[in-house]
Amino acid sequence: MAKDPISTIIKVDLKKPYHEQPGLHTRWHPEIPFYCKVKPGEVFKVECFDSSGGQVFNTDDADDIKNVNPMGIHCLSGPIEVEGAEPGDLLIVEIQDVQPFPDEPWGYTAIMDPAKSSAFLGDIYPNMQKAIWDFNGIFASSRHIPHVKFPGFIHPGIIGTLPSYEMMNIWKERESKLVDFHASINTPHTVAALPNPDGAYAGQDVSAELAKKIAEEGVRTVPPREHGGNIDIKNLSRGAKAYLPVYVKGAGFSVGDIHFSEGDGEISFCGAIEMHGIITLKLGLIKNGMKDLSIYNPVFLPGPVEAHYGPSRYLTFQGISVDESGKQHFLDAKVAFRQAVLNAIEYLKKFGYSGEQAYLLLSAAPVETHISSIVDIPNSCVSYSIPADIFDFDIMPKEGGPTPQGDMGSTVFPTSK
């Protein structure tokens with residue numbers, strides 16, 4: 001007997017601005033109205049804008065990256081009310097499928113303005129650039145980063161539930177203290193994403209008074225937090241499950257920031273292959289699950305779908321807690337991660353890629369990262385592994401050095417400064 005068709009409970013019009021459409025929002029706040037309601041066990045589809053909310057286009061220039069409003073990124077689909085959900089429950093999120101729109105088989109990776117973003121290597125690669133990726137079935141390739149092709153771990157970068165007022169205020173208080181602590185040495189945007197009404201949107205069915213309240217109070221969607229949020233876990237793909245704390249009656253589940261592929265760390269900030277997408281979901285509940293299971297942060301069960309590269313086909317770069325100036329740090333895994341990335345970029349440049357091409361490639365491709373050691377004083381050791389078979393040439397070390405591959409093209413820049 002045929003199954004009933006799966007309904008699409010949130011639809012988007014990619015040709016219209018997101019802030020003219022219902023069922024979308026760009027902040028977390030307990031008073032954002034539910035757009036629709038589902039029952040536990042119900043299977044449904046949700047359409048999502050890319051992370052920019054349609055601000056980036058399939059073009060051979062980066063004018064769109066230059067003009068992106070970073071306060072309006074992470075246009076999320078939702079919130080969805082889950083029947084029977086109460087504070088203290090765990091929401092089970094089962095990801096059954098994620099796909100690009102059939103008539104939008106492309107995505108992008110970009111370097112944004114470091115004055116507006118927190119890119120990992122923004123001090124080394126400050127110039128705005130973009131690479132477009134074309135999808136052919138499960139594979140991605142780029143006219144701006146040639147000689148690579150890889151299958152995607154298609155996944156949502158953001159899944160989360162609405163916070164309670166108590167939780168939202170905890171987030172704002174601790175992040176504000178962090179900004180204050182670093183005020184003398186960092187600009188605020190490089191430390192935390194504090195509330196800002198610019199770019200805030202809470203849906204169409206909101207009064208002007210409530211919209212203003214949400215814009216002023218709502219927390220931004222940049223970081224991961226206790227409710228989920230911007231988790232950016234590449235293995236949270238088809239067949240995966242997530243267990244998210246519930247803070248408000250009805251849960252208020254939202255999803256967005258769909259990625260075709262991502263390397264561990266999403267190092268260029270706009271660093272996955274960002275895309276518009278359609279996600280198929282089933283939600284469930286574990287009543288009183290937070291207390292009964294002592295789960296107060298999300299727990300994830302990756303799905304069975306992944307690219308299969310032989311374990312001996314990963315070229316792995318080491319990073320330790322010594323920065324590029326030679327300064328020794330104490331068991332600093334972030335410094336070690338940065339050094340591993342820089343080592344990989346310098347190696348790929350030997351084949352003819354620019355630093356920016358290598359940077360965006362490593363941000364988008366299925367790179368694996370591990371903290372290999374965090375106890376061997378004074379150096380943490382991070383391993384950064386690139387699947388060699390994503391290239392159509394041999395990248396393995398050999399006597400005489402790498403063979404340059406000729407014209408490697410380039411990523412694209414804004415047409416004007």
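**Strand pairing in a predicted model**

Val93 has Ala242, in β14, as its bridge partner. The model is predicted: local features need pLDDT of at least 70, side-chain atom pairs count only at pLDDT 80 or more, and totals for chains, interfaces and linings use all residues. Residues are numbered from 1 along each chain as its sequence is written, and side-chain values use heavy atoms, with hydrogens and water left out.

Terms

- Strands are DSSP runs (E, at least two residues), numbered from the N terminus.
- Two strands count as paired if DSSP finds at least two bridges between them.

The open sheet

- An open sheet of six strands has the order β1-β4-β17-β6-β14-β18, with mixed pairing.
- At its edges are β1 (7-10) and β18 (299-301), each of which pairs on one side only.
- From one strand to the next the twist averages 35°, where axes are lines fitted to C-alpha atoms and angles run from 0 to 180 degrees between N-to-C directions.
- Strands β6 (residues 90-100) and β14 (residues 241-245) run antiparallel and are joined by five bridges.

Strand β15 and its partners

- Strand β5 (residues 76-82) runs antiparallel to β15 and is joined to it by three bridges; Glu81 stands opposite Ala251 in β15.
- Six bridges join β11 (residues 155-161) to β15, again in an antiparallel arrangement; here His155 stands opposite His259 in β15.

Conventions:
Helix = DSSP H or I, 4+ residues; strand = E, 2+ residues; numbered from the N terminus.
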